[in-house]
Amino acid sequence: MKAMNLTQFFRKPATLAAAAVTAVALATAPTADARTERLAFSGGPDGGTFQYFSNGIATRLSRVLDGVDVSNMASAGSVENLRRVNSRDADFGIVYSGDLFLGMNGQLTNDTRRYRNVQAVAYMFGAPAHLIVLENSGINSPQDLVGKRVAVGPAGSGAAASAQRYFEGLGLWDQIRPQYIGYSQGASAIGDRQIDALWVFAGFPNASVIQAASSNRVRILQTYEAAKAGSLFKDHPYYAQVTIPAGTYPGVDYDVVTIQDSALWVAGRHLSEERMYQAVSQIYSEEGLSFMRSVSGAARAMSVEGALTGIVTPVHAGAKKFWTEKGLTLTADQQ
């Protein structure tokens with residue numbers, strides 16, 4: 001190849017311009033990247049409540065925290081989020097308190113690994129138990145379900161697992177007749193008297209409970225007192241008390257005091273105390289909570305006062321600092 005002399009080179013202004021642009025880009029690009037901290041929030045299936053929350057928090061933090069970009073990741077849900085945050089494939093996630101507790105202690109189903117890199121940040125919303133019977137069934141308490149057909153959700157589902165834990169805590173699991181069918185099928189079956197009771201473990205208002213209550217006169221049983229008298233809270237300390245307000249469902253004009261598992265905002269232990277403190281401060285500010293409530297009606301359950309509800313595992317240091325400043329007292333399990 002014939003060599004280009006200097007005169008020929010300087011006759012090519014485009015070559016000079018391109019070289020200058022490349023030099024500037026190379027000089028500035030690393031600095032720009034270095035100023036941006038990229039974090040990931042693992043949520044849930046598209047269209048689900050977990051995904052609304054994770055997308056909302058990711059969007060809010062990206063807007064208000066200088067030098068931070070939080071991306072939202074779809075996922076299969078609670079257990080996948082636990083695993084992602086633990087392995088640092090995500091920095092934040094949404095995990096049920098029960099899965100976090102069991103995961104930390106190596107007690108997840110078919111998984112004895114201990115997930116110790118995941119720490120709680122705050123309570124966001126609950127998945128309460130609904131135990132529905134027909135009003136004229138003569139069933140007035142969970143103890144009246146001995147020998148009865150109870151739809152508990154599909155086999156292997158979280159709903160079925162929660163039903164088994166609940167009735168085992170009452171000493172009744174071997175005395176009821178569990179029916180492994182889904183919520184919608186159960187809502188139809190109770191009206192057709194193919195089952196005696198329907199167990200729904202989900203946020204309220206729930207469409208299947210509305211379906212059952214709109215088509216029939218129903219009663220939602222009070223489950224908390226029976227659980228308190230039994231061994232549920234001792235065996236599964238992540239369950240908490242919650243009230244489903246009167247008027248939530250057609251014909252149910254009384255408060256229902258029941259149990260729930262808690263959906264928690266979690267973070268990796270690797271995230272710095274300062275960054276976590278900033279993130280919690282923004283989401284649990286008046287403006288942040290207002291924004292979250294515009295994202296999902298379930299965010300009405302979010303508050304500073306109730307931020308530690310259902311948490312029975314250690315809280316991230318940055319979140320701990322914020323809640324302590326707000327006057328909350330952490331339990332020994334949360335320290």
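**Basis.** The model is predicted: local features need pLDDT of at least 70, side-chain atom pairs count only at pLDDT 80 or more, and totals for chains, interfaces and linings use all residues. Residues are numbered from 1 along each chain as its sequence is written, and side-chain values use heavy atoms, with hydrogens and water left out.

**Overall.** The chain has 13 helices and ten strands. These are DSSP runs numbered from the N terminus (helices H or I, at least four residues; strands E, at least two). Of the 335 residues, 48% count as buried. Buried means under 20% relative accessible area, exposed over 50%, and partly exposed in between (1.4 Å probe, protein chains only). A contact needs heavy atoms within 4.5 Å. Among contacts between residues at least 6 apart in sequence, 71% join residues at least 24 apart.

**Cores.** A nonpolar core is a set of buried Ala, Val, Leu, Ile, Met, Phe, Trp, Tyr and Cys residues joined through side-chain atoms within 4.5 Å. The largest one has 85 residues. F92, W199, W265, Y284 and W323 have the most contacts inside it. Strand β4 (residues 118–134) gives the most to this core: eleven residues. A second, separate core has 20 residues, including I181, I190, A212 and A213.

**Helix α3.** Helix α3 covers residues 49–64. The expected span of a helix is 1.5 Å times one less than its number of residues. The buried residues of α3 are F50, Q51, F53, S54, G56, I57, A58, R60 and L61.

**Aromatic pairs.** A pair of aromatic rings is described by the distance of the centres and the angle of the planes. Rings of Phe, Tyr and Trp (its six-membered ring) pair if their centres lie within 6.5 Å; planes under 30 degrees apart count as stacked, over 60 as edge-to-face and the rest as tilted. By this rule the count is 17 aromatic pairs. Two of them are tabulated.

| Pair | Centre to centre | Plane angle | Class |
|---|---|---|---|
| W199 and F201 | 6.0 Å | 5° | stacked |
| Y284 and W323 | 5.0 Å | 85° | edge-to-face |

The Y284 and W323 pair links distant parts of the chain, 39 residues apart. Y284 is in the loop between α11 (273–283) and α12 (286–295), while W323 is in helix α13 (residues 317–325). Y284 counts as buried at 4% relative accessibility, and W323 at 0%. W199 and F201 are buried too. They also belong to one aromatic cluster with F101, Y166, F167, Y238 and Y239.

A charge sits over a ring if NZ of Lys or CZ of Arg is within 6 Å of the ring centre and within 35 degrees of the ring normal. The charged end of K321 sits over the ring of Y277, 4.6 Å from its centre.

**Two asparagines.** N206 is in the loop between β7 (197–201) and α8 (207–215). N206 is buried, with a relative accessible area of 11%. A polar atom of its side chain lies 2.9 Å from the backbone nitrogen of S208. The N206 side chain also reaches the backbone nitrogen of V209 at 3.1 Å. Not counting residues up to four places away in sequence, N206 touches Y183, V200 and Y249.

N81 lies in helix α4 (residues 78–86). N81 counts as buried, at 0% relative accessibility. Leaving out residues up to four places away in sequence, N81 touches S42, G43, F50, S75, I94 and V95.

Definitions and conventions: Polar contact = N/O pair within 3.5 Å; in protein donor to acceptor, adjacent residues only side chain to side chain.
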